[in-house]
Amino acid sequence: MIFAAILAAALICAVGVPHIMGGRSVAAEEVEFEDGLASLSAGDVAGTETVSGSDAENAEAEMIDGEYVEAEVIDGEYTGASDDMGAVEEALIAGLPRAELAIADVNGYINIRSGPGTDNAIVGKLYDGGIARVLETAGENDDWFYIASGNVEGYAKAEFFLYGEDAAQVLDDYVTCYAEVQADRLNVREAPDITARKLGSVDTGRQFEVLEDCGEWIKIQYTGREAGYVSAEYVTLTEEFIYAKSLEEERAEREAAKAAAAQAAAVTAQTSSSTAGNTANETTYTPPEITDYDSADDLRAAIVEYAMQYLGNSYIHGGNSLAGGTDCSGFTCFIYADFGYSISRTPGGQLSDAGRSIDYSEIKPGDIICYTSNGGKSCTHVGLYIGDGQIIHSANSRKGVIISNADYSIIMGVKNVID
């Protein structure tokens, strides 16, 4: 699988094969081994350690991007100096043995603090599916991890992570692969065959999420609702992970978003008269019909059809808009609200209070499936059952609103809100 390559226990890249480390393109030029040290030099970013666990004696990371930057891991401890330590940290993560990585496994994000305790200041956040290096454990019962991810180092509760072998087994699910078009114009086809029906064409530089590597063909998410195939010969594959964000980084992102929104609003106000009739490229959503349905099955079908309009939309933790983005429980809550039902805004509340509990064998389209990722301690995720063993749900900040198999995770309960 293409997803496994970047996180192999020893990162050894073939000459000229590009990868992504935190958004930087890497084309490996050489790999050298000497006295337990593996170093990799590349065009933009270089550097990984490839010795395992606590036996690591030395490892270095180096970024060549106009100036020399290095970082070291000595006996498991990390030191270094750089104008872009986030890039170096991501390079180290990319080469770390899988058993030493941790994956955030929460509905939302994990607070990263200055010390091992909830009374310590928050210095950053690691969102669901984010990757971190565990530098050490802390706390009276070793119930805190001291982690490094992106530009952030700090302490986070260990219970909110998949770690060790648990993380190693699912890491491929937490990398997003993209195909970037290299041809001037590339055809997208309905099937992996040159004679298959043409769905459209895409221009050079466009990026699409990769759904499957079929060898000579790459299956991509062509539109929000439609997949297609492109020739592997004319695309470059890159891989990305989610890393922690410092409070300063989040603040800067919010300010940039506000400025962009203000600028867009100003442009819209100035040009509204000339563009009032030009809505061909805008996404529109059809509100549900408020009527007395002939049967519960008709209502269920209408709920599923309505929910499917939002396939491909963004996941935003705490978001309050189906069109603009929301989280898993917001998605089910707002879908039902548009049909006149009032249910809880949280996964736990939907498990305990929404409708009535039923057995999975009784499930019908429109029912809510409640999942747990912490061994049954609580409901951590919900999805809307759409039939044929599938759900539509706002998965996480990496995937957005997607369709998954209904049994993709541990089911804690099923809720019938309708009848």
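Okay, starting with the hairpin of strand 25 and strand 26: there are 2 residues between the strands, and Asp388 takes a positive phi near 55 degrees. Keep in mind that this is a predicted model. Strand 25, residues 381-387, pairs with strand 26 in the antiparallel sense over 3 bridges, and in that pairing Leu384 has Ile392 of strand 26 as its bridge partner.

Now, strand 26 itself, residues 390-394. Is it mostly covered or mostly open? Mostly covered: 4 of its 5 residues are buried. On to strand 27, residues 401-405, which pairs with strand 26, again antiparallel, over 5 bridges.

As background, nonpolar side chains in soluble globular proteins tend to be buried together.

Leaving out neighbours within four places in sequence, its contacts include Tyr336, Ile343, Val382, Leu384, Val414 and Val417. Thr332 is on that list too.

So what about Thr332? You'll find it in helix 5, residues 328-337. Thr332 counts as buried because its relative accessibility is 1%, and the cut-off for buried is under 20%. What does its side chain pair up with in a polar contact? The side chain of Gln350, at 2.9 Å. Beyond four places in sequence, Thr332 also touches Ile343, Ile368, Val382, Gly383 and Leu384.

Asp143, Lys157 and Glu159 are linked in a network. Asp143 to Lys157 has its closest N and O atoms 3.5 Å apart; Asp143 sits in the loop between strand 11 (131-138) and strand 12 (144-149), with Lys157 in strand 13, 14 residues apart. Glu159 meets Lys157 at 3.7 Å, N to O. Asp143 is partly exposed at 27%, while Glu159 counts as exposed at 51%.

There's also Arg197 with Glu190, at 3.3 Å between the closest N and O atoms. Arg197 is partly exposed at 47%, and Glu190 is partly exposed at 45%.

Conventions
Residues numbered from 1 in each chain as written. Predicted model: local features only at pLDDT ≥ 70, side-chain atom pairs only at ≥ 80, totals over all residues. Heavy atoms only, no water. Buried < 20%, exposed > 50% of the residue type's maximum accessible area, 1.4 Å probe, protein only. Pairing = 2+ DSSP bridges. Polar contact = N/O pair within 3.5 Å; in protein donor to acceptor, adjacent residues only side chain to side chain. Contact = heavy atoms within 4.5 Å. Salt bridge = Lys/Arg side-chain N within 4 Å of Asp/Glu carboxyl O.
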